[in-house]
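Please read these notes with the structure open.

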Amino acid sequence: MSRFKWIPSVLVSLAAGLFACASPIAAYAAEINLSYAFFAPARTFPGKQMAYWAEQLTKRTGGKVSVKTFPGGTLLGARDMYDGVTNGVADIGLGSPSYDPGRFPLTSGVSLPVGFPNATVASRTLWQLTQEFHPKEYAKFKVIAMFTTEPGYIMSRTPVRNLADLKGMKLRAAGTGVPVLKALGAAPIGMPMPEVPQAVQTGVINGTMTSREVLKDFNLAESLKYVTDYPTVVVTFAAVMDRKRWEKLPPDVQKVIEELASEMPTWTGHYHDNENVGAALKWAKKEHNLQIISLTADERAKWDAKLKPMAAQWVSEMTAKGLPAERFLTRLRELRDQFSKE
Ligand code: DTR
């Protein structure tokens, strides 16, 4: 009998002991870790959406998936978000298709002046259209969440009461808002939202056109004291995952992500419409004496007339590119009306 006969049994109990120690940890450690990048701060409404989604995914998968979020452009900025996902810098990226209408041509139709009443209706419309049309612009991606801002308003350093006030004014918008400002006679500059506070402070721009919660969430009410009460166009957001990465996820996890994807437009729209914007306006009025400027009926009609040709122009441009623009816009209007009633 070898005197080393006891060794294997010691090893077995050692291993068992180690396993016993390790197993409680294993029960809590996630099997799948995902990184999720966003270009603006966590306190903003898309940032809140990201945190909610991450928390829900972990909860609904029973801890199988853990998500590490990187808000504030710490991993990817607005300009490199979608390429960053393709290159594997982040598993998921939340960017704004509105910043690059050339890359997301069909989606840009949602940012036409079509009279969405709020972010909830626009977000649901955007998601439903994407489900029905499968735009080629997302071919490399799995879209995991979509939503929009409320229709944007002009917020400016000096009051804008009419087209004459607006003439030549340097105003910033997301890429899809640039033609709107141009049609109204302003001098538009396209730039991502996180760059706006500094551009306002240094006088590069006299204001911006976007959703009104930025008055508080980016502290813009300090310099921009006027909001012109004329709702224009929404800005779109899409959170995507690289398609190959998506295909590697187990079906039960994919199922939860799809379930969440169908909920996010309404969740985000409700938060933005019912809490976020209202709280920001109240704060800006109280802390910074924000003024809301109403347009006269005559003036409003002039603005409407300037924006009216935009939809038809968009259809002819996109049709020339071989996109089903006419059908897309018709369906958009149907969905807008349907969701407005719900
Ligand atoms: N993408 C936007 C809109 C925007 C509105 N609120 C936020 C908050 C965080 C990031 C972006 C935005 C725009 O640029 O107009």
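1. In which helix is the place of Leu335? Leu335 is in helix H13; helices here are DSSP runs of H or I, at least four residues, numbered from the N terminus. The model is predicted, with local features needing pLDDT of at least 70 and side-chain atom pairs counting only at pLDDT 80 or more, while totals for chains, interfaces and linings use all residues. Residues are numbered from 1 along each chain as its sequence is written, and side-chain values use heavy atoms, without hydrogens and water.

2. Leu335 is buried, at a relative accessible area of 1% (buried means under 20%, with a 1.4 Å probe and protein chains only). Leaving aside neighbours within four places in sequence, Leu335 is in contact with Thr125, Gln128 and Leu129 (contact: heavy atoms within 4.5 Å). Val121 lies 214 residues from Leu335 in sequence, yet the C-alpha atoms are 8.3 Å apart.

3. The axes of H12 (residues 309–320) and H13 (residues 325–341) come within 8 Å and cross at roughly 140°.

4. The largest nonpolar core has 56 residues, of which Trp53 and Leu57 touch the most other members. Such a core is a set of buried Ala, Val, Leu, Ile, Met, Phe, Trp, Tyr and Cys residues joined through side-chain atoms within 4.5 Å. Helix H10 (residues 251–288) gives the most to this core, with nine residues.

5. A second, separate core of 33 residues includes Val110, Tyr138, Ala261 and Trp314.

Terms used:
Buried means under 20% relative accessible area, exposed over 50%, partly exposed in between (1.4 Å probe, protein chains only). Helices (H or I, at least four residues) and strands (E, at least two) are DSSP runs, numbered from the N terminus. Axes are lines fitted to C-alpha atoms, for helices over the stretch in contact, and angles run from 0 to 180 degrees between N-to-C directions.
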